[in-house]
Amino acid sequence: MLKDALAAAVVAALLALPLLGFRLADSQQGLSLDYRFAWVGYAAAAVFIGRLGMAFAAAAFSRVFQRKRQTLLPLAGRPSRNRKIVGWLLVAAALLLPLAPFADRNLIDKATLLLIYVMLGWGLNIVVGLAGLLDLGYVAFYAVGAYSYALLSQTFGLSFWLCLPFAGALAACFGILLGFPVLRLRGDYLAIVTLGFGEIVRVVLLNWESLTNGPNGISGIQRPSFFGLPFLAAAPGRTTFHEFFGLPFSPGQRIIFLYYVILVLALATNLFTLRIRRLPIGRAWEALREDETACRSLGINPTRTKLSAFALGAMFAGFAGSFFATRQGFISPESFTFIESAIILAIVVLGGMGSQIGIVLAAILLVGLPEWFRDLQQYRMLAFGGAMVLIMLWRPRGLLASREPTIRLAADALEAAPQTAGEAAR
Amino acid sequence: MTAAAPPLLTVEHLTMRFGGLVAINDLSFTARQRQITAIIGPNGAGKTTVFNCLTGFYKPSVGRLTLTPPNNGGCFLLERMEGFRIAKDAGVARTFQNIRLFAGMSVLENLVVAQHNRLMRASAYSVAGLLGLNRYTRAERQAVELARYWLDRIELTGQADWAAGNLPYGSQRRLEIARAMCTEPCLLCLDEPAAGLNPRESAQLNELLLDIRGQHGIGLLLIEHDMSVVMQISDHVVVLDHGAPIAEGTPDMVSNDPAVIRAYLGAAEGEALPPDVAGGLPTAPPC
């Protein structure tokens with residue numbers, strides 16, 4: 001244990017020597033080299049103590065961890081109720097959030113942003129978590145949704161609710177378009193191609209100036225209305241939301257309305273995923289993730305199954321994209337860079353592949369915390385990176401990695417056939 | 001079993017080349033309905049390649065593979081079909097030499113996934129399922145019943161909600177057979193089902209395979225090294241060596257065939273001798 005800690009300290013010292021040990025300083029003769037060997041010593045000492053502490057902690061908790069590893073496997077006749085309760089509590093909290101006394105405009109705005117990422121995470125979960133297709137270009141579908149709403153509403157004056165299905169369908173078509181060339185690819189190769197696809201979409205949006213207005217983006221996108229009642233201080237010739245309900249006008253009303261819209265959209269995504277997971281197509285996705293060869297030998301059409309996963313995942317990104325456009329009122333290719341894809345993928349992986357609640361927790365960690373801790377300024381990203389490393393050390397398979405079977409044998413059938421001790425022990 | 005049983009699978013002049021390597025050279029044989037046909041041969045004889053051609057994983061270079069399912073009049077030319085269609089439409093199910101279960105999914109899910117196509121139709125390609133319509137819930141209940149039947153048969157009912165990857169090896173082998181049977185095939189291809197089983201387990205396996213043949217009336221095609229399995233249960237044996245058929249007939253005929261004895265003794269590398277063969281030789285060199 002001591003040896004391991006010492007080795008880590010030496011490595012840290014070697015790394016810190018060029019990084020921390022030397023510093024260029026302004027002096028009278030121009031630039032000169034400053035030496036800060038004490039810092040190197042601090043870094044090495046910190047690593048030594050940390051490593052020792054980790055080793056002690058691992059020894060102390062090894063029993064706990066071992067038990068945990070066993071519970072990862074689905075055991076007979078024990079459906080986990082806890083997760084369901086947590087889920088309902090989260091839904092209730094989300095519903096009541098705008099009514100809370102501490103809920104100011106800023107908080108609701110951030111919660112809305114968070115929910116967009118939750119929805120994107122749930123959408124990508126279909127592709128990555130269930131079907132096991134590593135997609136690094138998911139943001140492309142988000143962009144397609146956003147631009148299709150923006151363009152449809154500006155060109156034809158269609159309302160948000162009318163455009164929403166169009167945007168979803170268009171994004172799904174793009175999903176299939178991406179799906180076709182990558183049908184034969186798996187794992188890393190698939191990731192590379194999808195990464196390229198995401199960039200292609202962004203570059204097209206950037207350069208097709210006649211349609212997308214290029215890097216200047218599209219501004220003045222129509223805001224959503226409450227069943228035809230706009231959220232405006234005054235609208236000539238139309239009744240506004242606050243006039244209709246006899247409320248005083250406040251810009252916060254629109255913020256809260258947008259919050260509920262994305263909440264409903266996200267919950268719809270969740271409900272859809274939970275349901276489809278229990279359908280043959282959902283099971284086929286998971287089977288495809290486990291073993292494609294075996295799938296084919298059982299008569300499952302891998303082409304159709306993969307394409308449906310791509311299309312449905314993309315559809316939800318399209319919905320989220322049009323919501324994004326209507327919320328911002330302005331979109332440009334800047335909003336759809338690779339880092340967005342990476343964050344969404346990180347949310348899915350960190351949450352535990354395929355776990356719906358895990359994705360919410362991961363989104364809070366990855367999107368919520370950096371937003372709330374903006375005060376930390378330049379240390380924010382450091383804390384973000386550190387948190388990710390820590391989580392991956394603590395939970396290498398994601399926050400909630402255990403998987404619930406989609407179907408269980410009726411309880412009476414299980415009781416009728418007690419587990420044979422010999423089988424269970426082996 | 002009489003030799004007059006109608007043919008189920010007819011393999012004619014099957015040849016498979018990988019570049020310059022001829023893995024199978026002009027193989028012809030017939031597997032009949034309600035019979036267990038075994039393909040045996042030393043390691044590298046091309047047995048698994050035959051399976052891969054049959055189940056659409058490879059496209060044969062030359063040859064015709066005709067499947068004649070018992071209940072409808074038509075026949076399928078397997079060499080022209082896409083892999084998943086062979087399982088879906090023609091009804092050929094297979095297991096794998098290195099077990100390919102869906103390890104992270106539960107035992108029951110493995111059996112329900114196998115009924116994918118029927119459930120897909122019942123759920124109207126997910127629409128009826130999403131709406132929770134009656135016709136889908138009924139179909140799902142039926143699927144679970146069929147799964148339950150096979151769970152009882154392979155004695156895994158108590159472990160139905162376990163992750164398939166956590167089962168002991170012998171149970172995984174049986175589960176893979178049950179999963180293939182859940183597709184309701186007319187021909188079941190088993191690639192070394194007895195590999196890694198202890199004598200008690202392989203005796204159970206024999207029983208299971210004989211039951212499947214007897215009760216479900218389907219044809220079985222078997223690749224096996226374990227001669228206690230092959231000699232006891234098969235009705236018909238085809239022997240391959242270096243991709244070429246060297247003998248064909250009943251287990252007794254084959255085990256006394258000098259060409260077979262030569263193939264096994266000549267090419268043997270860690271290969272178990274068929275007991276009958278070893279006994280029939282004056283001085284069997286150990287291998």
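Which residues of chain A form a nonpolar patch on the surface? In this predicted model, begin by selecting Leu17(A), Phe22(A), Leu24(A), Leu31(A), Leu33(A), Tyr35(A) and Phe37(A), which form that patch and together have about 720 Å² of accessible area. Now colour the strands of chain A, and you will find that β1 (22-27) and β2 (30-35) each supply at least two residues of the nonpolar patch. The largest share, three residues, comes from β2(A), while Phe22(A) has its place in strand β1 of chain A.

Next, show chain A and chain B together and turn to the place where they touch. The contact takes 43 residues from chain A and 49 residues from chain B. If you then select Leu298(A), Ile407(A) and Leu409(A), you have the three residues that supply 16% of the area that chain A buries against chain B, more than any other three residues. For the interface as a whole, chain A and chain B bury about 4,100 Å² between them, and 63% of this is on carbon and sulfur atoms.

Stay at the interface and look for charged pairs, where the rule finds three salt bridges between chain A and chain B. One of the pairs to select is Asp291(A) with Arg100(B), which form a salt bridge whose closest N and O atoms are 2.9 Å apart. Then select Arg408(A) and Asp161(B), whose side chains meet in a salt bridge at 3.2 Å, N to O. Arg408(A) lies in the loop between α16 (380-394) and α17 of chain A, and Asp161(B) lies in the loop between α6 (134-153) and α7 (169-182) of chain B, so this pair joins two chains. Over all chains, the count by this rule comes to 19 salt bridges.

Polar contacts can be displayed next: six residue pairs, both residues at pLDDT 80 or more, are found in polar contact across the interface of chain A and chain B. To see which helices stand behind the side of chain A that touches chain B, select α10 (252-277), α11 (280-290), α12 (292-297), α13 (302-328), α17 (411-416) and α18 (421-425), each of which supplies at least two residues of that side. Of these, α11(A) gives the most, with seven residues. Finally, colour this side of chain A by class, which gives 23 nonpolar, eight polar and twelve charged residues.

Conventions: Residues numbered from 1 in each chain as written. Chains lettered and ligands numbered in written order. Predicted model: local features only at pLDDT ≥ 70, side-chain atom pairs only at ≥ 80, totals over all residues. Heavy atoms only, no water. Contact = heavy atoms within 4.5 Å. Buried area = accessible area lost by both parts, 1.4 Å probe. Salt bridge = Lys/Arg side-chain N within 4 Å of Asp/Glu carboxyl O. Polar contact = N/O pair within 3.5 Å; in protein donor to acceptor, adjacent residues only side chain to side chain. Helix = DSSP H or I, 4+ residues; strand = E, 2+ residues; numbered from the N terminus. Nonpolar A, V, L, I, M, F, W, Y, C, P; charged D, E, K, R; others polar. Patch = residues over 30% accessible without salt bridge, like charges linked within 9 Å, V, L, I, M, F, W, Y side chains within 5 Å. Areas by Shrake-Rupley, 256 points an atom, 1.4 Å probe, with all protein chains shown as cover.
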